Amino acid sequence: MLSAAIVGSGNIGTDLMYKLLRSPVIEPRWMAGIDPDSPGLERAAAHGLAVGSSGVDWLLGQEVLPDIVFEATSAAVHRANAPRYAAAGIRAVDLTPAAVGPAVVPDVNLGAHRDAGNLNLITCGGQATIPMVHAVSRVTPVSYAEIVATVASRSAGPGTRANIDEFTRTTSRGLETIGGAARGKAIIVLNPAEPPLVMRDTIFCAVSPDADQGVIVKSIEDRISEISVYVPGYRLLDEPQFDMVGDLLRVGIFIEVEGAGDYLPKYAGNLDIMTAAATRVGEELARSSDH
């Protein structure tokens, strides 16, 4: 059992708390924020967590420190906090696009980074789309991958909006370094529709015309099953599509991500997939520390 702290008392930190409270191998004991009137801190206190509104200064001043910290703030804040966690011997799971530590998608490459002191969860678009690109690239080379992540405008808070530039850079890099594409491009769209729509992602992969389409489809379906274990609302909207673009075969994958509704509304699948991935990473680290 690992003791855990959540830094960031906003919507993402609060939703993450509810997921961690259900975990059999992680004990959330602290939540740090910067607003003494934060509803997130109030909810955390009601669930028995120690809370503080002086941020990381308060957390690192505790007599007992957590084994692991989940950072749900912003890229700039995590870059400032990361060296302090390392100095204190606390492992960090970073839900911002700061990219201080190695980028991980739980069921794709976590095994290669279990010993890292800081793990980055890339972005919501990365968690949703990189597994699909990797599902294709593990069975045939992908020369180019492009993703469009469409999220409800109402689910994009100040942190998400402040991190838009980091989102595109970090996700594009993840399509290459984790997804396996030779080149990657990421686009995010904030959809103002009312009522809000669930997160939807379009993934295009360019492959050789003689690639085995049946093998690609099977790999995609297998990966969907793997991700849906910890993100139940992760699903294909339609069968993968294939068409020729110039001299390359384009694979089109269309998914949606519906949230679990722990705290965030179900349309906020873009946020839910981040807290679900963070929980998955934390639990895998806890289980590996027992061996």
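Visitor: Why is Phe254 called partly exposed?

Guide: In this predicted model, Phe254 has a relative accessible area of 25%. Buried means under 20% and exposed over 50%, so Phe254, at 25%, counts as partly exposed.

Visitor: What makes Phe204 and Phe254 an aromatic pair, and is the pair stacked or edge-to-face?

Guide: The ring centres of Phe204 and Phe254 are 6.3 Å apart. Rings pair if their centres lie within 6.5 Å, and planes over 60 degrees apart count as edge-to-face. With 85° between the planes, the pair of Phe204 and Phe254 is therefore edge-to-face. Phe204 is itself partly exposed, because its relative accessible area is 26%.

Visitor: Which parts of the chain does this pair tie together?

Guide: Phe204 belongs to strand E9 (residues 199–207) and Phe254 to strand E12, so the pair joins parts 50 residues apart in sequence.

Visitor: How many aromatic pairs does a search of the whole structure find?

Guide: The search finds 2 aromatic pairs. Tyr18 and Tyr263 also form one, at 6.2 Å centre to centre and with 20° between the planes. Planes under 30 degrees apart count as stacked, so this pair of tyrosines is stacked.

Visitor: Where in the chain do Tyr18 and Tyr263 lie?

Guide: Tyr18 is in helix H1 (residues 11–21), while Tyr263 is in the loop between strand E12 (248–257) and helix H10 (269–289). The two are 245 residues apart, and the pair links distant parts of the chain. Tyr263 is partly exposed, with a relative accessible area of 28%, whereas Tyr18 is buried.

Visitor: Why is H1 called mostly covered?

Guide: Of the 11 residues of H1, 8 are buried. Among them are Gly13, Asp15, Leu16 and Tyr18. The elements against which the buried residues of H1 pack include strand E1 (2–7), strand E2 (26–32) and H10.

Visitor: What does the UniProt record say of residues 3–116?

Guide: According to the unreviewed UniProt entry, residues 3–116 carry the annotation "domain: Semialdehyde dehydrogenase NAD-binding". Over residues 3–116 the chain is 38% helix and 20% strand, and the end C-alpha atoms are 18 Å apart.

Visitor: How do you know whether Cys124 is buried or exposed?

Guide: The relative accessibility of Cys124 is 10%. Buried means under 20%, so Cys124 counts as buried. Cys124 is placed in helix H6, and the unreviewed UniProt entry annotates Cys124 as "active site". Leaving aside neighbours within four places in sequence, Cys124 is in contact with Phe167, Met199, Asn270, Ile273 and Met274.

Visitor: At what angle do H6 and H9 pack, and how far apart are their axes?

Guide: Helix H6 (residues 124–137) and helix H9 (residues 213–227) pack at about 145°, with their axes 8 Å apart. Their crossing is right-handed. Residues making the contact include Pro131, Met132 and Ala135 of H6 and Ile216, Ile220 and Arg223 of H9. The contact residues comprise 8 nonpolar, 2 polar and 1 charged.

Visitor: Why is Met244 called partly exposed?

Guide: Met244 has a relative accessibility of 47%. Met244 is found in strand E11 (residues 241–245). Apart from neighbours within four places in sequence, Met244 is in contact with Pro209 and Leu249. The C-alpha atoms of Met244 and Ser289 are separated by 48 Å, the two residues being 45 residues apart along the chain.

Key. Residues are numbered from 1 along each chain as its sequence is written. This is a predicted model: local features need pLDDT of at least 70, side-chain atom pairs count only at pLDDT 80 or more; totals for chains, interfaces and linings use all residues. Side-chain values use heavy atoms; hydrogens and water are left out. Axes are lines fitted to C-alpha atoms, for helices over the stretch in contact, and angles run from 0 to 180 degrees between N-to-C directions. Helices (H or I, at least four residues) and strands (E, at least two) are DSSP runs, numbered from the N terminus. A crossing is left-handed if the near helix is turned anticlockwise from the far one by less than a right angle, and right-handed if clockwise. Contact means heavy atoms within 4.5 Å. Ala, Val, Leu, Ile, Met, Phe, Trp, Tyr, Cys and Pro count as nonpolar, Asp, Glu, Lys and Arg as charged, and the others, Gly among them, as polar. UniProt positions are given in the numbering used here, feature names are shortened, and annotations may be inferred rather than shown by experiment. Buried means under 20% relative accessible area, exposed over 50%, partly exposed in between (1.4 Å probe, protein chains only). Rings of Phe, Tyr and Trp (its six-membered ring) pair if their centres lie within 6.5 Å; planes under 30 degrees apart count as stacked, over 60 as edge-to-face and the rest as tilted.
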